[in-house]
Amino acid sequence: IGGRCAVIEVDGQMYESGGAIIHSSNKYLVDFRKEFNLQEFNSNNVPTTPLSIFNGQRFVLQLGFSGIVNKIKILWNYGFSLFKLSRKISSSLKKFSTIYDKQADGMTYKTVPEMLQAMGGEEFFQETQVTAENYLIDGLGWNRRMVDELVCSAMKVNYGQNNAIDAFTAFVSLAGVDVGSLWSVVG
């Protein structure tokens, strides 16, 4: 239910290793959790730990516990593209979430492009036709370093992919780094 799910074996024990983190805008899973009275675990209650990004050769970003120092480091490394990224994710999630009302109203679609256009206009469909890298850097003019380091890291963690995936899938993946909006089921 929702996301790439897998089970892996470690030292003879089976562990769920995918689809465990859920975004709060996923209406079906939020409703499912409520219907079955499952307890929500919200990572906001866990102490913050430093974040580092390693590019395979060196650490390209290392954040600590100081919020103001972290913001200065991020701004220095990635410029204002990070703010643009945040706005784009919020905008895409808002448009994507319209599918729930459309489905409740009984709307159906014969093709995926038709459904994408119903949710996000021509923009969503066009995002499926171009790589994330080309769309973000050439189309939106975002900072290449941010795309290569932050965006690619998020897509690698969430989907096991790089910047060559389509832009629409990239934005869905990037919702998985929306701190404060992620949760899982306890247990």
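Two strands are taken to pair if DSSP finds at least two bridges between them, and the exercises below apply this to a predicted model.

**Exercise 1. Find which strands make up the open sheet, and which of them lie at its edges.**

Start with strand β3 (residues 22–23) and strand β7 (residues 182–185), which are joined by 2 bridges and pair in the antiparallel sense. Within this pairing, His-23 has Leu-182 of β7 as its bridge partner.

Next, turn to strand β4 (residues 40–42), which is joined to β7 by 3 bridges and also runs antiparallel to β7. Here Phe-41 is the residue that stands opposite Ser-184 in β7.

Putting the two pairings together gives an open sheet of 3 strands in the order β3-β7-β4, with antiparallel pairing. The edge strands are β3 and β4, since each of them pairs on one side only.

**Exercise 2. Work out how the buried residues of helix α2 are arranged around its axis, and what they pack against.**

Helix α2 (residues 67–78) has 12 residues and reaches 16 Å from its first C-alpha to its last, close to the 16 Å expected at 1.5 Å a residue. Its buried residues are Asn-70, Ile-74, Asn-77 and Tyr-78. Seen down the axis of α2, these buried residues fall within an arc of 75°, so they line one face of the helix.

The face of α2 turned away from the buried side carries Ile-68, Lys-71, Ile-72 and Trp-76, which are exposed. On the buried side, the packing partners are β5 (52–54), β6 (59–62), α3 (81–96) and α7 (144–159). Just after α2, Gly-79 takes a positive phi of about 65°.

**Exercise 3. Carry out the corresponding analysis for helix α3, and name elements that cover its buried residues.**

Helix α3 has 16 residues and spans 22 Å from its first C-alpha to its last, close to the 22 Å expected at 1.5 Å a residue. The residues buried in α3 are Ser-81, Leu-85, Lys-88, Ile-89, Ser-92 and Leu-93. Viewed down the axis of α3, they fall within an arc of 130°, so they line one face of the helix.

On the other side of α3, Arg-87 and Lys-94 are exposed. What covers the buried residues of α3 includes β3, α2, α5 (112–127), α6, α7 and α8.

**Exercise 4. Classify the aromatic pair formed by Tyr-135 and Phe-171, and say where its two members lie.**

A search of the whole structure finds 8 aromatic pairs. In the pair considered here, the ring centres of Tyr-135 and Phe-171 are 6.1 Å apart and the ring planes stand at 80°, so the pair is edge-to-face. This pair links distant parts of the chain, with Tyr-135 in helix α6 (residues 132–139) and Phe-171 in helix α8 (residues 167–174), 36 residues apart. Both Tyr-135 and Phe-171 are buried. Elsewhere in the search for aromatic residues, Phe-96, Phe-124 and Phe-168 form one cluster.

**Exercise 5. Summarise the chain as a whole, and state where the confidence of the model is lowest and highest.**

The chain has 8 helices and 7 strands, and buried residues make up 30% of its 187 residues. Among the contacts with a separation of 6 or more, 55% are accounted for by residues 24 or more positions apart.

As for confidence, the mean pLDDT of the chain is 85, and 88% of its residues reach 70 or more. Confidence is lowest in strand β2 (residues 13–16), at a mean of 70, and highest in helix α4 (residues 98–104), at 95.

How values were computed: Residues are numbered from 1 along each chain as its sequence is written. This is a predicted model: local features need pLDDT of at least 70, side-chain atom pairs count only at pLDDT 80 or more; totals for chains, interfaces and linings use all residues. Side-chain values use heavy atoms; hydrogens and water are left out. Helices (H or I, at least four residues) and strands (E, at least two) are DSSP runs, numbered from the N terminus. pLDDT is the predictor's confidence in each residue, from 0 to 100. The expected span of a helix is 1.5 Å times one less than its number of residues. Buried means under 20% relative accessible area, exposed over 50%, partly exposed in between (1.4 Å probe, protein chains only). The arc is that of the directions from the helix axis to the C-beta atoms. Contact means heavy atoms within 4.5 Å. Rings of Phe, Tyr and Trp (its six-membered ring) pair if their centres lie within 6.5 Å; planes under 30 degrees apart count as stacked, over 60 as edge-to-face and the rest as tilted.
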